[in-house]
Amino acid sequence: MNPSIFIEDDGDILVNVRLVNYTLYISEQDERFFSPWGPLTYLHPEKDQRLTTTNYFCRLDKNLNLQNSTQVKMLELHKPIWEFHGLEDARVVRWNGDLYLIGVRRDTTTNGQGRMEYSKIELDKDKWTATEVSRVRVPAPVHEDTSYCEKNWMPILDNPYHFVKWTMPTEVIWANPDAPECKQVFTRETPSSPKDQRGGSQIVRWGDFYIAFTHEVALWRNYLNQKDSVYRHRLVVWDKDFNFKGLSKEFSFLDVKIEFCVGAAVYEDDLLISFSVADNAAFVMRTPRHVINEMITEALAYVG
Amino acid sequence: MSVESLVIDLSLNTSDPIKNFALGEEYEKLKQHASAAGFFLRAADYGYKSQPLLTYTSLLKMALCWSRQNDRNATVINTLHHAIAFMPGRPEAYFLLARHYERNKEWQKAFTFSELGLQFTIATKNSPLPGYVEYNGPYCLMFEKAVSGWWIGRKEESKALFQHLLDDHKMAPEYVYGCLNNMKLF
């Protein structure tokens, strides 16, 4: 499960929850209890090698209790031909009146090439149904067109069709929601980052700043050549022109080795942050403004 | 306590095996088995030195979670083997393994692990576990032995065991029905 939160103009709190057919097995601490395949494994059904994603659109009340949920009915445009099925890690945005799930799809080629896709969603708030009505597969910008996997682009909530593709250095790109077209808008130099900052939440306007939660990955193999990893997050701060201003210290939400944040939204002066723990549990955390401000202050002290 | 309360409590000390176990149990009640298994694994990982019974129970509950998800046999078996290796002197993991094999029609393995488990049912040192793991007592292992025994040529032994269970043991209804149905085979 992986949730992306979004606040509608009418105040509705929407969350897209990515549901997966696997359980992520992660040994922690001294890694005393390996799975049959090591300390970190995707436990998919044994007779079904696919890692399948379905998406559920939910509405929360002001206390963040679940009010409605419905599986997003996706268009059947092709037969999946790689083992990762479905639209993964979709972020929710509404731009110029249109609601989108924007995530990565890897099931259209036999080698799992990933590209970002816009899925335009028709959400009936009375019947609470969600239906994909159109889809655009976004090519990589021309200068990176041969890349294997494009994912985790962070949509800029108040700048339609613009994304932060890379964080440090910062690269902002524009992607056409109606046709397979994408171009680089600008890049900005930044200090060096301690680790590659990968995309996370949407980009949120916060006073004079833009902020987002990124993630960084430590990936290694143990002496048995089995993979293992730790994900941690940071808050990134830009000014209104996307000049880099700061990077917080790394943090985690519940100290679990793998967590992933793909949602942030301003709500009643606070920030709602949505994240998954080990892909197995989804959370929305209401974070007071002063806490975010303290994190920004910490980030602004970053010198690289 | 609700999941929300338990998560907030856990956030105050994320490596506390008892708090992780409590959250796992709450998810288990909600039948959210992936979430439950993840927190039980954390309870085991963080508790194996300080909370052995909780760790053992967590391992059994992980196996139950994956069993309920279906088609994760290797992981179910592996987790039960972890439990046996961790506390080889207790009967519950042998029972769950025997039942797993019985349900998968691996009769000899079911019989073997039933017999192994029965060796540990009279241990006076077996303290109650901190959570329910579907083991109701020694009769569960006897039942598995009786069922699997029939399939490996021990018909008379199996019949006698079913009769013994019906005559001398107070069992949960599903076990009573199971015994009665199996007795019809004879």
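Okay, let's start with one residue: leaving out anything up to four places away in sequence, E88(A) touches R18(A), T53(A), G103(A), V104(A) and R106(A), where touching, or contact, means heavy atoms within 4.5 Å. E88(A) sits in strand β8 of chain A, residues 87-95; helices (H or I, at least four residues) and strands (E, at least two) are DSSP runs, numbered from the N terminus. With 6% relative accessibility, E88(A) counts as buried. For that label the cut-offs are under 20% relative accessible area for buried, over 50% for exposed, and partly exposed in between, with a 1.4 Å probe and protein chains only. And S27(A), 61 residues away along the chain, has its C-alpha 24 Å from that of E88(A).

Quick housekeeping. This is a predicted model, so local features need pLDDT of at least 70 and side-chain atom pairs count only at pLDDT 80 or more, while totals for chains, interfaces and linings use all residues. Residues are numbered from 1 along each chain as its sequence is written, chains are lettered from A and ligands numbered from 1 in the order in which they are written, and side-chain values use heavy atoms, with hydrogens and water left out.

Staying in chain A, K120(A) is in strand β10, residues 115-124. Buried or exposed, or something in between, for K120(A)? Partly exposed, at a relative accessible area of 22%. Beyond four places in sequence, K120(A) touches residues including D98(A), Y100(A), T131(A) and E132(A).

Most residues other than glycine have a negative phi, and most peptide bonds are trans. Here, though, the bond from M168(A) to P169(A) is cis, omega near -5 degrees, and P169(A) belongs to the loop between β13 (162-166) and β14 (170-175). N96(A) isn't a glycine, yet its phi is positive at about 50 degrees. You'll find N96(A) in the loop between β8 and β9 (98-105), and N96(A) is exposed at 59% relative accessibility. Over in chain B, E134(B) also has a positive phi, near 70 degrees; this one is in the loop between α7 (107-118) and α8 (138-151) and is partly exposed at 21%.

So what does chain B look like? Ten helices and zero strands. The C-alpha trace spans about 60 × 30 × 30 Å along its principal axes. For 186 residues, a compact globule would have a radius of gyration near 16 Å, and chain B agrees with its 18 Å; that's over C-alpha atoms, and the rule is 2.2 Å times the number of residues to the power 0.38. Of those 186 residues, 54% are buried. One of the buried ones is R90(B), at 7% relative accessible area, in the loop between α5 (73-86) and α6 (92-103). Outside four places in sequence, R90(B) has contacts that include L53(B), Y56(B), F120(B) and N126(B).

Last stop, the interface. 29 residues of chain A contact 30 residues of chain B. About 2,500 Å² is buried between them, with carbon and sulfur atoms giving 57%; buried area here is the accessible area (1.4 Å probe) that two parts lose on being put together, summed over both. On the chain A side, F33(A), E46(A) and L254(A) supply 26% of what chain A buries against chain B, more than any other three residues.
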